[in-house]
Amino acid sequence: SSHSSVHIRPSRPALWHVAGPPATGKRAAAPLVSLRREDRVTLFDTLLAYFEEDGWPLERVEGEPALVGLFSGERAQSSWNVYATALEAQQRVIVYSILPVRVREEDMPRASELLHRLNYGMVLGNFEIDLDDGEIRYKTSIDVEGDRLSKALWMHVVAANVLTVDRYLMAIREVLHLGRS
């Protein structure tokens with residue numbers, strides 16, 4: 001695979017305040033996990049196993065089928081939170097990178113245009129901005145209804161997410177005149 005040389009390095013420790021204990025221990029994961037509804041393995045179990053297998057220090061989000069951890073980007077020279085959730089009913093898994101920046105109200109038009117331009121032509125994922133609080137995030141997802149999620153497919157969803165943020169974070173800060181946070 002052309003992506004086999006990509007090495008994703010999570011940071012330690014996770015910085016988000018999350019209620020509940022951090023995920024502990026290693027779980028054995030089969031190389032291919034069936035995700036049909038009639039199977040016992042849930043999407044959340046699958047994403048937890050894949051992340052743990054790769055040594056990501058993630059914490060469970062209490063009351064949600066979600067995990068959160070910190071990722072350090074080499075290009076961006078920064079760290080940010082990565083949030084992964086499983087939507088069992090829809091058979092979808094979503095990964096969000098929450099950028100460590102906040103857009104001020106007066107910069108919203110410029111930020112919106114920038115993210116729109118960055119999104120144009122993106123195949124896997126998109127930037128989003130919360131117009132109420134200025135949060136910027138990048139989202140990737142996969143729909144596995146009636147199919148299987150291999151670790152390779154899952155890691156492509158994760159890699160596309162964190163590597164895209166690593167590529168564009170410094171440019172976003174520069175255009176919006178935002179310093180490191």
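A residue counts as buried when its relative accessible area is under 20%. In this predicted model, Gln91 has a relative accessible area of 4%, so it is buried. Gln91 sits in the loop between β4 and β5, and its phi is positive, at about 55°, even though it isn't a glycine.

Gln77 has a positive phi too, near 50°, and is likewise a residue other than glycine. Its place is the loop between β3 (66–73) and β4. Buried or exposed, then, is Gln77? With a relative accessible area of 51%, Gln77 is exposed, because the exposed class starts over 50%.

Now for the aromatic rings. A pair of rings is described by how far apart the centres are and by the angle of the planes. Counted with centres within 6.5 Å, the model has seven aromatic pairs. One of them joins Phe51 and Trp56: the ring centres are 5.0 Å apart and the planes meet at 55°, so this pair is tilted. Phe51 and Trp56 are both buried.

Tyr83 and Tyr96 make up another tilted pair, with 6.3 Å from centre to centre and 45° between the planes. This pair ties together distant parts of the chain: Tyr83 belongs to strand β4 (residues 78–87) and Tyr96 to strand β5 (residues 92–102), 13 residues apart. Tyr83 has a relative accessible area of 15%, so it is buried. Tyr96 comes in at 13% and therefore counts as buried as well.

Notes. Residues numbered from 1 in each chain as written. Predicted model: local features only at pLDDT ≥ 70, side-chain atom pairs only at ≥ 80, totals over all residues. Heavy atoms only, no water. Phe/Tyr/Trp six-rings, centres within 6.5 Å; stacked < 30°, edge-to-face > 60°. Buried < 20%, exposed > 50% of the residue type's maximum accessible area, 1.4 Å probe, protein only. Helix = DSSP H or I, 4+ residues; strand = E, 2+ residues; numbered from the N terminus.
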